[in-house]
Amino acid sequence: MSGPDLRTFRREIRDAVRYERGLAVKALLALAVVAVVVVLRTLYFT
Amino acid sequence: MGPARPGRGQRLTAMGHHLLTAGDWILILLVIAGALPELAASWQFLLVAGHFRRHHYRDCAPVFPRTAILIPAWNEAAVIGASIDRLMLLEYPPDSLRVFLVDDASTDETPAVATAKAAQYPGQVFHLRREVGGEGKAHTLNHGLAVVLADDWMEALLITDADVIFEAASLRTMTRHLADPRVGAVTAYIKEGSRPGNYLTRFIGYEYATAQAAARRGQNVLGAIACLAGGAQLHTRANLVALGGRIDTSSLAEDTITTIETQLRGRRVVFEPHATVWAEEPGSIGALWKQRLRWARGNVQVTRRYRSLWFRPRGFRQPGGHRLGGFSFGVFWFGLFLQPVFMITSSAALITLYYAHFPRAWLAFHVLWIINAATYVFITSYALMIDPPTARHSWRQAVMFPGAVNLAFIAYSCFPRLFRHAAQAEHIHLGWGIVLAYAWLSLSMAAAYLAKVLEPGRLGRILSPVLVYLVGYGSLLCACTFASYVKELRRAEMTWDKTEKTGKVVIPG
């Protein structure tokens, strides 16, 4: 099987960058989980 | 009239008090330094969030250089046939792909399988035989390198392992980075592919999500890659020639040395997270121990060899510069390399504080574990989100990565009121229980070693997994790292302990 055409290549690059952008949002989500733990600890368990 | 001057005895008492207080604070800092490796890992994970801006995709193009695939093999009959068949299914122009199997004097059916595959794929699969072998992977690779560099057909070289199964699109997603002439090498995301696998391969699967899918994205953002994966590293011909046309054979970390030397010569190394390959990883602690001891000893050798490199940023803004001497990269490297040292120092400082000033020991213990809790929650939740398929397969091992005991410390530090009886320990003296808790960071490595020792026995099959879940897979890796210090200090012989492969890899889906 030969390689993809230019259109396929561009789509794959676009998808890859979109996935990486999604990881930035997921990092915020993970930090939010940490923040929830810290807030719970501070408010209710000190 | 001013206040009366204190007497000499009072001054000495005050000075002694200050010294004791300063000593306490130094000990508290040493305790909290136990969390430095996790903080360094968290910083690396935070960098992943920047990968959507600092990536190499803008410089990619659909290029298909003539690629030679080099597979070193010693007694790999169980896996090599399937691996070659998968390589023949790569989405890559067939006339630009050649596979060279370097048979390192195998004594099993590997030569017969290789000959059969060469006949099945004429002009695409080549069998190279070393009559005298056993010198290790680097020597075997050099035998093949000499052949592929002898003519000018090869434009790029993919080094892989006999058990590695490539997804169809993986090679072309790697070669697209070679459109940028600044790139010297590209590495892929190696995933643990044993199916059904066991608890240990699932731990490894999650570990690879953190160490590759996450950490290497962070290193992409930083512009400095620590290591090309041994099972999937693509080099340009120019890079190989610049490296002298051969792989370093003087250490157990030939992949890391190749990676560092590539970057020192001003070429970029890129991690392509969307090029996925699958490998069979050790299913027993004994086999894992051999593999990781080799890797860890290699890291000791690399740390020593490049001692003039660490924390000395220079030249990365100039053409041909590199970022290996940067502060962040040094912190990542030494965070992992010195993790056992941090753990032992932290335990020792805690126990000293316990006997010197119990309340401060308790405070330091809390701060240490609250930091550990925050980094654990962040790293685990983010790693699972970075690679959802691995999360579905290994989420239990991700949760249990630090071990049940450490998780108990984390839970107690975060939510002490949930443990009312234990919470009373803040005010009472529990003696040996507290000492054991304070020493746990060190003891966990010893307990992990015990899991390795017990494994071959009849009871070990049950006890060893229980111990790993109890003390943590992370502690097992730290015990390997500690053992590597000892081996290197004793200048133990460097032997190439091959990981046995049985052909259990299945590409999910």
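Chain A has 1 helix and 0 strands; helices (H or I, at least four residues) and strands (E, at least two) are DSSP runs, numbered from the N terminus. This is a predicted model, in which local features need pLDDT of at least 70, side-chain atom pairs count only at pLDDT 80 or more, and totals for chains, interfaces and linings use all residues. Residues are numbered from 1 along each chain as its sequence is written, while chains are lettered from A and ligands numbered from 1 in the order in which they are written.

Of the 46 residues in chain A, 11% are buried. A residue is buried if 20 or more other C-beta atoms lie within 10 Å of its own, exposed if 12 or fewer, and partly exposed in between, with C-beta atoms placed from the backbone. The contact with chain B takes 24 residues from chain A and 27 residues from chain B. The side of chain A that touches chain B has 18 nonpolar, 2 polar and 4 charged residues. Here Ala, Val, Leu, Ile, Met, Phe, Trp, Tyr, Cys and Pro count as nonpolar, Asp, Glu, Lys and Arg as charged, and the others, Gly among them, as polar. Contact means C-beta atoms, placed from the backbone, within 7 Å.

## The sheet of chain B

In chain B, 8 strands form an open sheet of mixed pairing, in the order β3-β2-β1-β4-β7-β6-β8-β5. Two strands pair if DSSP finds at least two bridges between them. The edge strands, β3 (125-130) and β5 (165-166) of chain B, each pair on one side only.

Strands β1 (residues 67-73) and β2 of chain B run parallel, joined by 7 bridges. B:Ala73 stands opposite B:Asp103 in β2(B). Strand β6 (residues 183-192) of chain B also runs parallel to its partner β8 (residues 268-279) of chain B, through 9 bridges. There B:Val183 stands opposite B:Arg268.

## Buried elements of chain B

Strand β2 (residues 97-104) of chain B is mostly covered, with 8 of its 8 residues buried. B:Leu97, B:Val99, B:Leu101 and B:Asp103 point one way; B:Arg98, B:Phe100, B:Val102 and B:Asp104 point the other way. In a regular strand the side chains alternate between the two faces of the sheet.

Helix α3 (residues 77-87) of chain B buries B:Val79, B:Ile80, B:Gly81, B:Ser83, B:Ile84 and B:Leu87. Their cover includes β1, β2, α4 (110-120), β3 and β5 of chain B.

## The nonpolar core

The largest nonpolar core has 153 residues, and B:Leu70 and B:Leu101 touch the most other members. Such a core is a set of buried Ala, Val, Leu, Ile, Met, Phe, Trp, Tyr and Cys residues joined through C-beta atoms within 7 Å. Helix α13 (residues 358-386) of chain B gives the largest share, 15 residues. Beyond its neighbours within four places in sequence, B:Leu70 contacts residues including B:Phe100, B:Val102, B:Leu141 and B:Ile159.

## Helix packing and an exposed loop

Helices α7 (residues 199-222) and α14 (residues 388-399) of chain B pack at about 110 degrees, with their axes 8 Å apart. Axes are lines fitted to C-alpha atoms, for helices over the stretch in contact, and angles run from 0 to 180 degrees between N-to-C directions. α7(B) and α14(B) are therefore roughly perpendicular (65 to 115 degrees). Their contact has 5 nonpolar, 5 polar and 1 charged residues.

B:Val132 lies in the loop between β3 and α5 (137-148) of chain B. B:Val132 is exposed, with 8 other C-beta atoms within 10 Å.

Technical notes. Contact = placed C-beta atoms within 7 Å. Parallel < 35°, antiparallel > 145°, perpendicular 65-115°, else oblique.
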